[in-house]
Amino acid sequence: MRPTKMTGPVERGLLVLLYFVTVCHANELKDYCSMHTFDNLPVSGLRFTKEVVTTEYANIGAFKALHCCLRGYRSIEWYKDNRAYPWPGGESHFILYPESANQTIYTQKVRASDAGRYSCRARNDTTILEGDITLAVLGEKSGGYTGKPLPTYRPAAQLVPLGGAVRLFCEAYLGKVELPDAKNSVTWSKSDSNVTLPSHGRIAQHRVSREDNQIIGSYLEIEDITLEDYGEYKCEVSNGVDEEITLPAHVYRQEPQFALGLQNGSWRKSFMLGVLLLVLLISAGAFYARCWLPLVLLCRDKFAPLEENDGKECDALVCYHEKDSSLVIGIVIPTLETRHRYKCTALELSHLNQNWGLEIGPHAASSRRVIIVLSPASLANVWNETSVGAVLKQISSLATRSIVVATKELPSVTTIAKRSTRGCNDTGELSLDRLKILTWEEGGGTTGGANNRKFWYQLRLAMPPVRPIANDTGCQSVAMIVQANGKCGQQKARSRESLEVLV
């Protein structure tokens with residue numbers, strides 16, 4: 001006869017117990033990362049959804065799971081001692097739990113070779129997060145651990161503003177104590193009080209456990225924190241016999257700060273905004289440096305009252321020495337008349353610069369402005385404070401507003417003015433208020449070169465206002481040129497005569 005396989009009550013009970021243990025482990029693996037997650041996480045980005053337990057313990061032959069609970073990841077890779085999953089049986093018996101989306105690895109029976117440092121590395125398109133878990137295997141046989149509780153997660157001190165919220169977590173491995181009266185416990189209390197904190201309300205603690213109650217922990221949550229809530233808290237874990245540990249954590253007050261609270265990644269937007277702002281400021285500065293004179297001139301010509309019906313015959317009396325005739329006859333007068341519609345009269349001065357004031361005076365009365373071209377050649381190449389100061393004093397004594405066009409940088413005009421105030425000569429004092437001094441850059445042409453463009457704008461600002469005409473771009477219409485030629489026919493005849501004398 002073949003032996004009959006008998007299934008007694010004990011065997012059936014063990015099978016039922018094994019079934020329920022397997023179901024409990026499956027539920028734990030499935031639900032662990034969905035319970036007790038952080039509140040108020042940012043909407044997007046790669047984040048841990050709960051605390052990463054840094055140290056794990058397991059008894060030989062026991063069930064064990066390791067977790068990295070994340071959100072916003074594209075992939076999760078597991079490593080043991082820097083070696084990527086999967087691992088050979090001689091190195092680790094942990095496998096991935098498929099229903100956890102790679103957040104959990106587990107083994108039904110722990111071996112001594114499973115001990116080591118495990119790492120989970122999660123990434124998305126822009127970020128990488130990594131968590132490290134050190135697994136220690138206890139005992140040489142399947143007997144339960146009965147020693148002092150071993151911390152798996154120590155609570156960290158936190159800096160919290162008044163009215164904010166705080167979350168503290170502690171956890172420890174206790175193993176199984178096979179005594180009828182032994183009962184594991186974990187409680188939170190404030191260090192200056194022995195009163196256990198409540199399990200519900202504004203201040204509440206929530207007990208958690210895993211792996212057949214061999215690992216227990218507790219969350220302490222405080223909402224709308226007050227001044228009395230700041231201080232040290234302690235988490236006390238006991239195995240129900242004579243072994244217990246205390247894990248402290250301090251809650252400090254965070255003072256109000258006036259810094260911008262930037263979410264992760266928003267610094268890039270702030271940086272780009274700052275760069276854009278800087279570019280706009282530089283552009284505005286460059287626009288102002290290049291265009292403020294044209295804008296001021298345009299506004300002046302459009303809105304300032306015109307100087308007309310005052311009995312004057314021309315806008316400018318242009319005075320010059322014969323050695324500066326090419327500049328005056330060839331550039332200054334033609335540009336003022338044809339491009340900017342001013343009526344000019346030329347006056348050639350003698351070699352006796354000490355008498356220039358007397359020569360200019362009779363003609364200045366019929367002009368709105370007097371322009372004097374001053375160069376070292378016109379002063380017999382004596383270009384110092386004395387020679388220049390003497391001419392400037394004569395010009396400043398004219399009744400008509402005057403503009404000095406210097407072909408070379410003038411000596412210190414301020415020094416000349418101070419000396420004339422202290423002096424007692426008969427040339428009078430130098431009044432800078434009656435003079436507009438401009439510098440002409442040689443080789444710039446009519447408008448060529450930034451310095452000469454600035455010169456023409458400054459000269460026009462010193463001249464009487466002229467109403468702008470439509471499409472005035474510096475190139476006058478044919479009718480305007482013909483009109484200007486008609487007005488200045490006599491002047492051009494004098495210009496040709498002066499050029500013949502120069503040749």
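How many helices and strands does the secondary structure of the protein come to? Colour by secondary structure and you get nine helices and 23 strands (DSSP runs, numbered from the N terminus: H or I of at least four residues for helices, E of at least two for strands).

Before you click further: this is a predicted model, where local features need pLDDT of at least 70, side-chain atom pairs count only at pLDDT 80 or more, and totals for chains, interfaces and linings use all residues. Residues are numbered from 1 along each chain as its sequence is written, and side-chain values use heavy atoms, with hydrogens and water left out.

**Whole chain**

Of the 503 residues in the protein, 40% are buried (buried is under 20% relative accessible area, exposed over 50%, partly exposed in between, with a 1.4 Å probe and protein chains only). Now look at contacts (heavy atoms within 4.5 Å): among those between residues at least 6 apart in sequence, 69% join residues at least 24 apart.

**Stop 1: the cores**

Select Cys319, Ile360, Leu374 and Val388, the residues with the most contacts inside the largest nonpolar core, which has 25 residues. Such a core is a set of buried Ala, Val, Leu, Ile, Met, Phe, Trp, Tyr and Cys residues joined through side-chain atoms within 4.5 Å. Elements giving two or more residues to this core include strand S19 (314-321), helix H4 (356-364) and helix H5 (385-396). H5 provides the largest share, four residues. Next, centre on Ile360: leaving out residues up to four places away in sequence, it touches Leu317, Cys319, Leu347, Leu349, Val370, Ile372 and Leu398. Apart from this core there is another, of 24 residues, with Ala316, Ala346, Ile403 and Val405 among them.

**Stop 2: the cavity**

Searching the whole structure turns up one cavity of 30 Å³ or more. On a 1 Å grid over the protein atoms alone, a cavity is a set of points where a 1.4 Å probe fits but cannot get out, and lining residues have an atom within 4 Å of a point. The largest cavity has a volume of about 50 Å³ (the space filled by probe spheres set on the points, which are joined across faces, edges and corners). Show Tyr32, Glu51, Val52, Val53, Glu56, His67, Cys68, Cys69 and Ile133 to see its lining.

**Stop 3: salt bridges**

The structure holds 16 salt bridges (a side-chain nitrogen of Lys or Arg within 4 Å of a carboxyl oxygen of Asp or Glu). Stay on Glu56: Lys64 bridges to it, with the closest N and O atoms 2.6 Å apart, and both residues are buried.

Then jump to Arg210 and Glu171, paired with 3.0 Å between the closest N and O atoms. Arg210 sits in strand S15 (residues 203-210) and Glu171 in strand S13 (residues 166-173), 39 residues apart. Are these two buried or exposed? Arg210 is buried at 3% relative accessible area, and Glu171 is buried at 3% as well.

Asp301 and Arg300 form another salt bridge, 2.9 Å from N to O. Bridges that share partners join Glu56, Lys64, Glu171, Arg210 and Glu211 into one network.

**Stop 4**

Most residues other than glycine have a negative phi, and most peptide bonds are trans. Zoom to Tyr85 and Pro86, joined by a cis peptide bond with omega about 5°. Asn82, in the loop between strand S5 (75-80) and S6, has a positive phi of about 70° and is exposed at 59% relative accessibility. Finish at Asn213, with a positive phi of about 65°, in the loop between S15 and strand S16 (215-222); Asn213 is partly exposed at 31%.

Terms used. 1 Å grid on protein atoms, 1.4 Å probe; cavity = no way out; pocket = protein on both sides within 12 Å on 5 of 7 lines; lining within 4 Å.
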